[in-house]
Amino acid sequence: MANYYKISLLFLIVFISTNSIAYCQPPFKIPPKAKRILFLGNSITYSGLYVAQVEAFLKLKYPKNKFEFMNLGLPSETVSQLSEENHADGRFPRPALQERLARVLAQTKPDLVFASYGMNDGIYLPFDEYRFQKYKEGIEWLHVEIEKIGAKIVHLTPPIFDERKGKEYAQVLDIYSDWLLTKTKSDGWQVTDIHFPMKQYLHNQRFTDSTFVLAQDGVHPGETGHWLMAKHLLLYLGENEIANFDNANAAFANFKNGRAIAELIEEKQNIMKDAWLSLTGHKRPEMKTGLPMNIAEKQAKEIDKQVKYLLK
């Protein structure tokens with residue numbers, strides 16, 4: 001068994017190194033005029049921890065910048081417009097971003113968009129060319145729609161699906177991620193890779209602890225997984241010092257009041273994400289009803305005041 005893990009790890013390192021070299025991009029700097037930053041995605045984005053961590057780190061490092069981070073991730077959502085039979089035990093089909101994107105863009109007016117799709121888009125089935133084509137069409141449609149409003153878009157490769165929950169679907173997301181990375185060369189897209197670094201991290205950990213997981217259900221990352229997403233997104237943004245930190249607590253402890261500020265920003269994001277979803281509308285049932293936007297914004301401003309005080 002030990003030899004198996006050594007061989008698997010060696011193969012993975014070679015594979016990831018090859019991909020990293022092939023798709024290496026210079027750091028993407030947030031444009032100076034980009035103040036309204038929108039995150040789109042599925043339940044992993046909706047849960048919001050990696051979004052809050054990115055906002056917190058940039059707030060701590062650049063306290064004078066007036067970024068507004070808006071999380072409009074929606075659980076179960078796809079860009080492929082596909083849904084498996086009997087999804088959610090037959091209660092509802094998967095919602096598609098196509099149904100709501102125009103409203104979201106009209107009301108959030110973003111300057112920069114980060115988009116994380118793929119996890120749901122193969123609908124947890126083995127690789128199929130039709131499903132792959134629908135994913136590609138959805139991503140390309142999204143890219144065009146963002147460019148139409150004059151905003152920039154950065155795509156995130158999908159987080160990993162744990163192969164212990166299904167090796168075939170894990171491979172589907174490898175394929176989807178690899179295709180998305182090819183768009184950096186073929187079309188000049190901005191794509192940040194979180195998939196293969198997460199995969200490497202998982203294999204590294206299992207080399208010493210065979211029981212290690214990033215997601216208990218194979219899909220939704222825990223705190224470590226969200227930190228890996230935030231970390232590699234921040235590295236993509238040129239924040240190279242983040243490479244020195246193995247977890248969020250260590251990263252935020254490096255700043256005065258860093259941990260307290262990170263907790264406040266997470267609290268604010270949890271208020272605002274539901275308010276935004278309720279305001280813009282969607283077809284995903286069984287979601288929490290958000291506060292009216294005027295009330296949510298008032299609470300967010302109070303939290304911002306606390307953050308500003310702690311930044312002094």
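Student: What covers the buried residues of H6?

Tutor: This is a predicted model. The cover over the buried residues of H6 includes H5, strand S4 (152–156), strand S5 (190–192) and helix H7 (195–208). Among the buried residues themselves are Tyr-169, Trp-179, Leu-180 and Leu-181, and also Asp-174 and Lys-183.

Student: How do you know what span to expect of H6?

Tutor: Helix H6 covers residues 167–186, which is 20 residues. Gly-188 follows the helix, with a positive phi near 70°.

Student: Why is H8 described as largely enclosed?

Tutor: Buried means under 20% relative accessible area. In H8, 10 of the 14 residues are buried, so the helix is largely enclosed by the rest of the structure. The buried ones include His-226, Trp-227, Lys-231 and Tyr-236.

Student: What span does H8 have, and what follows it?

Tutor: H8, residues 223–236, reaches 20 Å between its first and last C-alpha, close to the 20 Å expected. Gly-238 comes after H8 and has a positive phi, near 90°.

Student: What makes the phi of Ile-123 worth a remark?

Tutor: Most residues other than glycine have a negative phi. Ile-123 is not a glycine, yet its phi is positive, near 40°. Tyr-124 also has a positive phi, near 60°.

Student: Where do Ile-123 and Tyr-124 lie?

Tutor: Ile-123 is in the loop between strand S3 (112–116) and helix H5 (129–148). Tyr-124 lies in the loop between S3 and H5 as well.

Student: Why is His-87 called buried?

Tutor: The relative accessibility of His-87 is 9%. Buried means under 20%, so His-87 counts as buried. His-87 is found in the loop between S2 and helix H4 (101–108).

Student: Which residues is His-87 in contact with, beyond its neighbours within four places in sequence?

Tutor: They are Ser-76, Phe-92, Pro-93 and Arg-94.

Student: What is the volume of the largest pocket, and which residues are closest to its centre?

Tutor: The volume of the largest pocket is about 660 Å³. Out of 21 lining residues, Lys-59, Lys-66, Phe-67, Lys-268 and Asp-304 are the closest to the centre. Helix H3 (49–61), strand S2 (68–71), helix H10 (258–280) and helix H11 (293–311) each give two or more residues to the lining. H11 gives the most, with 8 residues.

Student: How many residues of that lining are charged?

Tutor: The lining has 11 charged residues, with 9 nonpolar and 1 polar. Asp and Lys count as charged and Phe as nonpolar.

Terms used:
Residues are numbered from 1 along each chain as its sequence is written. This is a predicted model: local features need pLDDT of at least 70, side-chain atom pairs count only at pLDDT 80 or more; totals for chains, interfaces and linings use all residues. Side-chain values use heavy atoms; hydrogens and water are left out. Helices (H or I, at least four residues) and strands (E, at least two) are DSSP runs, numbered from the N terminus. The expected span of a helix is 1.5 Å times one less than its number of residues. Buried means under 20% relative accessible area, exposed over 50%, partly exposed in between (1.4 Å probe, protein chains only). On a 1 Å grid over the protein atoms alone, a cavity is a set of points where a 1.4 Å probe fits but cannot get out, and a pocket is an open set with protein on both sides within 12 Å along at least five of seven lines; lining residues have an atom within 4 Å of a point. Grid points are joined across faces, edges and corners, and a volume is the space filled by probe spheres set on the points. Contact means heavy atoms within 4.5 Å.
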